[in-house]
Amino acid sequence: PAVKNTSDEQFARLFTDTLLSKHLNRRLDEADRQSFAAFLENAAPDAVFFKVDFSSMKKATLDPGNFAAPTVTFFQQTGEAALRAVAIKINDLVVTPEDRNAWAASKLFVLQGANYNVVVSNHTLVHFPMDPINAVTKTELPESHLIHRLLRPHLTLQLRVNQAVRYSPHSIRRPQQNLLYTPFFGKTNGITQCAWSGLEGNSSFPGYRFRYGAPEV
């Protein structure tokens, strides 16, 4: 029923000790270096920098009365100290902890972006390799083949899940505020598309590539 603010310590822990850590990016793009130039210039020699980028939120389609914003959070770590957020770029405005209310609100938009991207961007990518493997396995292997028989139940479930998520009127992707499990603020296709096609010049959204080896961590 109400917004609960997140402390700076809890905010940092969410991006180091949970699933959200997958969003940490050591590569700063030119736009990031311009936005956070003052922090880069004044940092200690042993400082290490990360960003958490949810620029994909600018592609959100909002239902009336809902709000979202693209954010880039600038994290810094010095020596053995814990990672901490020192600035957030929200739209074209850069805020810091000194901005208090704006800082508290910006952190909530960052966390909104983090969870949206986990569900409708990062998660969709795990389906990509499986779907062509699914199709090729069923097409090329005889139904009597042992591998076909072993995989068939799993491959069938995969396609049914995909079908339900994309087309069912009760899918989590369809914004129905009367259902507890559909918390989205509108259509999420634009956010998903950023994971598939990428955002030009943004190292956090390189676009999907099929990898034959182990994923980069």
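Modeller: Happy to; we can go through confidence, the sheet and then the helices.

Colleague: What should I know about the source first?

Modeller: This is a predicted model, where local features need pLDDT of at least 70, side-chain atom pairs count only at pLDDT 80 or more, and totals for chains, interfaces and linings use all residues. Residues are numbered from 1 along each chain as its sequence is written, and side-chain values use heavy atoms, with hydrogens and water left out.

Colleague: What is the mean pLDDT of the protein?

Modeller: The mean is 89, and 99% of the residues reach 70 or more. pLDDT is the predictor's confidence in each residue, from 0 to 100.

Colleague: And where is confidence lowest?

Modeller: In helix α5 (residues 127–140), with a mean of 81, while strand β5 (residues 93–95) is highest at 98.

Colleague: How many helices and strands are there?

Modeller: The protein has 7 helices and 6 strands. Helices (H or I, at least four residues) and strands (E, at least two) are DSSP runs, numbered from the N terminus.

Colleague: Okay, the sheet. In what order do its strands sit?

Modeller: The open sheet has 4 strands in the order β1-β3-β4-β5, with antiparallel pairing. Strands count as paired if DSSP finds at least two bridges between them.

Colleague: Which are the edge strands?

Modeller: β1 (47–54) and β5, each pairing on one side only.

Colleague: How many bridges join β1 to β3?

Modeller: There are 8 bridges between β1 and strand β3 (residues 71–78). Across that pair, F49 stands opposite Q76 in β3.

Colleague: Switching to helices: which strands does α4 lie across?

Modeller: Helix α4 (residues 101–125) lies across β1, β3, β4 (84–90) and β5, at about 85° to β4. Axes are lines fitted to C-alpha atoms, for helices over the stretch in contact (heavy atoms within 4.5 Å). Angles run from 0 to 180 degrees between N-to-C directions.

Colleague: How do α4 and α7 cross?

Modeller: The axes of α4 and helix α7 (residues 189–197) come within 9 Å and cross at roughly 40°. Among the residues making the contact are Y116 and V120 of α4 and I191 and W196 of α7.

Colleague: Great, thanks!
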